Structure formats: C-alpha cells, structure tokens
Amino acid sequence: MTFRTHRRRFLGQSVALSAATLAPAHLRSTVAAETESANDRPGLALVGAGRMGHNHMRFAKGMCDVVAVCDVDQNHRDKAVQNLSGGKARGVNDYREVLNQKNVDVVYIATPDHWHAKILIEAMLAGKDVYCEKPLTLTVDEGKQVRKVQQQTDRVVQVGTMQRSYLDLFVKAVAIAGAGRLGRIHRTTVSIGGSSVSGPIPTAKVPTWLDWNQWLGPAPQSPFRLVADPKADEWNLGKTNAHQNFRWWYDYSGGKMTDWGAHHVDIACWAIREAGQSDELVSIEGDAKTPVPFADGYPTKSDQYNTAHSFAMLAKMKDGTELQINSEGRNGVLLEGDRGRIFVSRGDLTGAPVEQLKDNPLPEGAIAKVYRNLPTPYNQHRNHWANFFHCTRERIEPISDVTSHLRAIDICHLANLSARFGRSLRWDAETEQILGDDETNSLLARPARSGFETDFS
C-alpha cells in the first residue's frame, strides 16, 4: 500500500491533528506523535545532503521515511544514508534517478540555490510533492516557470521559510498587524546582515569525492576554487565557490539579500497584507557595496566573493508602504504603524503593542486565522514540516506557498539588480518587467549551461 492510497487512515489522522490544535501546549507533541504510524509515512528523497539538508531532517523525524539520498558529494551522501535511514536508503549522484523511484512520494530540495528551480519543476512534473529550501529561484524568470508548473500540476510545494511556523513570534507579530494594533503600517525595516568578503581565491584540484560538473549544473562553467581552512569540517571547506560558501557568488545565489532576505522580507510582506495593505512593488533603490567592481551588472573579477556585503535598499509598494532592507542593525523585522511599532526576531517579540496584549489580548483565534486555521501540533521548524505533510494528504496549499514566496523573493532579486547596476528600478508587477531599462531586464533570466536545461516534458 502506498502513501497515496491512505485516504481512510488520513481522515482519522486529520481529526487527531485538528484535536492537537486544541490540546494544551504540553500535550500537543504527544497527540501529533500518535498519528505518525509507520504505515502512513510517505517515502522521502533528500536532494542535497549538506549541513542544512542533513540536519533539518531531524525536524521531520517520525513523519516520513527517507528512502533515497542524492548528493554530488559522496561523503555527504554516504553519511546521510547512514544517519537518516540506517543505511537503507538508496544513495545516488543524479537527482533524476530519485524522481523515477516509485517509493518516493515527496522530495526535499536542499541543494545550492542555483539548482532549486530546475529540480523543483522536474519533481512536480514527475508527480512529486516538494519541500524546497528558500529561495525557490535564482532569477525572476525562474519564478514564472515554477508558478506556472505548480498551477498546472497542482502539486503541494512548501517553501522552507519556516519563520511562518514560529507561532509565538512571527505569526503572532503578523496577527498583531492583522488585528489593527499597529494602525496603518507606513514602514517596515528588515535587518539581515551583509555577505562575506574573501579576497582572491585560487583554483584548486577538485576532490575525488566531489562531482564538480554536476555541482555546477545549470550555472556557468567555472573552475573549482579553494583556500582551505585549517578548522574546516565536512560541511565548510574554507573560502571556496562550493558547498556552504556558494551564497556569496551571484552565479549560485544572491548573498544575504536572498538568504535572510527570503525570511524577513517574507514576514514583512505577510504583515503588510494582513493589515489590508498592498505588497505590490513599484520601485526599489538604495546604496550597496560589493567586494569587487561591477560593469554592466557583472563582476569584473571572477576569483572572489561578489555579492553585496553592505547595503541599504528601499522598496516602495503600490499604496506607498515602504520596506527597507539593511545589512546593518539587529537581525529581525521592525513594523512601524501610526498606532505603534513592534520588533520581531527568532528570539523575541517586543514593543508597546505587545505589552498591551496583557490587558487587551488579541481576539480569540487571531493567530490561528493568520495560520489559515491549519493544524499546529508543534511550533517552529517541526510544525513547518508537519504542515507540509498535512497539506500533502489534504491536497491543500501549505502555509509557505509558492505565490506569496515569489512576491517576496522577487523584491530581493530586484534589490540585487539595483545593487549590481547601481541605480533605481521601477517595477511593473502585472507584466513582471522593469520599466524603461532593457539592460537590467536582461538579467531577469539566465540561460542554463548546455546539458542542464530544465526538462519540461
């Protein structure tokens, strides 16, 4: 019997999960755990078994069975097979093999960013539901493709923006905004830190355990680079254009702008929408510093990190609401309205409107409403995974959906383009084009390296 045939069992599970949302907090994990029968667990394929993919699977423990692991780093692959399945999972180098594996029901994508959209699209077309780490895309054009295929296939896609499942922090902050406690929000500020700076990194011999050509995939051809760190571990080699430090190269990612920006800009936009305001971007501008000079939107040096390491970007929405994205300041989201302001991070939620909840609590069900009245058996990361599996069974949209994620991450992509070209941009949300600027429009898409084009068949 496969995961997709368990409708009768799921109905009982759904009732149990619904009951879990009403149970006292100290009982919720127990209630949820009782639904995690081995017979009902979907088969999961992990694609990208680096530190994030490998470690984040602990939050899904008991909700699925890892039946396949794909990674181009043999050491990562072998370790994940052993740790996540007791050696039972199939280990492969090419993700296409797991898409054809019949006992794979869901795919967890935790590769570097430049692989996300291609694997996500092909997984959906293969009939798989997907949990994909943020950002879903490297370019705005990839977002159009992802959205189109998701709508065509009706697959369930959960974005790994797990702050949407921090019920006591970010969800509560959004509920405060939605309840009108801030009044009209006139400005949001997200502080996300700046990208790293490396200096020149020489080319190096590719390790025998790494398939460098497959690691590059759709990205432009480039030599492997490394300045080894004597304190390096299996996850972080040192200064390199591979593994964890892929984030600091525009060929593979968007720096902190699409790393932490994917989290905090998402929360800011969510709060703006819940307050009944528009998160439709019309312009973005600001100041940014990059580790190397840029010409025509491209770095002039190819041997070192190049994503913006210092920036203050200002996005303006259709109704005048402002969203500031800063590399400086305490990491978190500041929401400022005409009735009050609050600050929320992964560690706290503060501000006068929060303190006022003691005497004037939010309406009953306010937080549940923001969370779309979906079951909440846990909190934070584990609840985000529970939400994904619940939605795959119910065939409903998860809390971190494709459409709203793309709305937020496109702001981050456009902020990067503004930084790369050093000029303000005007955005037409309807056509998804930059107005009057053919040069920056040309970087809304990027051709894939030959042999690594996305398969839409």
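**Ground rules.** I number residues from 1 along each chain as its sequence is written, and my side-chain values use heavy atoms, with hydrogens and water left out. As the model is predicted, local features need pLDDT of at least 70 and side-chain atom pairs count only at pLDDT 80 or more, while totals for chains, interfaces and linings use all residues.

**Entry 1: helix 10 and helix 14.** I began with helix 10 (residues 256–274) and helix 14 (residues 402–421), whose axes come within 8 Å and cross at roughly 125 degrees. My helices, like strands, are DSSP runs numbered from the N terminus (helices H or I, at least four residues; strands E, at least two). Axes are lines fitted to C-alpha atoms, for helices over the stretch in contact, and angles run from 0 to 180 degrees between N-to-C directions. Helix 10 and helix 14 are therefore oblique to each other; under 35 degrees counts as roughly parallel, over 145 as roughly antiparallel, 65 to 115 as roughly perpendicular and the rest as oblique.

Which residues make the contact? On helix 10 I noted M257, T258, G261, A262, V265, D266, C269 and R273, and on helix 14 S404, A408, I409, I411, C412, H413, A415 and N416. Contact here means heavy atoms within 4.5 Å.

**Entry 2: R273.** Next I followed R273, which lies in helix 10. R273 is partly exposed, with a relative accessible area of 27%; buried means under 20%, exposed over 50% and partly exposed in between, with a 1.4 Å probe and protein chains only. Leaving aside neighbours within four places in sequence, I found R273 in contact with R164, D279 and S404. The C-alpha atoms of R273 and A177 are 9.1 Å from each other, though these residues are 96 apart along the chain.

**Entry 3: H263.** Not counting residues up to four places away in sequence, H263 touches K134, G160, T161, M162, Q163 and R346.

**Entry 4: helix 6 and helix 7.** Last, I looked at helix 6 (residues 113–125) and helix 7 (residues 140–153), which pack at about 15 degrees with their axes 9 Å apart. That angle makes helix 6 roughly parallel to helix 7. The contact is made by A117, L120, I121, M124 and L125 of helix 6 and by E142, Q145, V146, V149, Q150 and T153 of helix 7.
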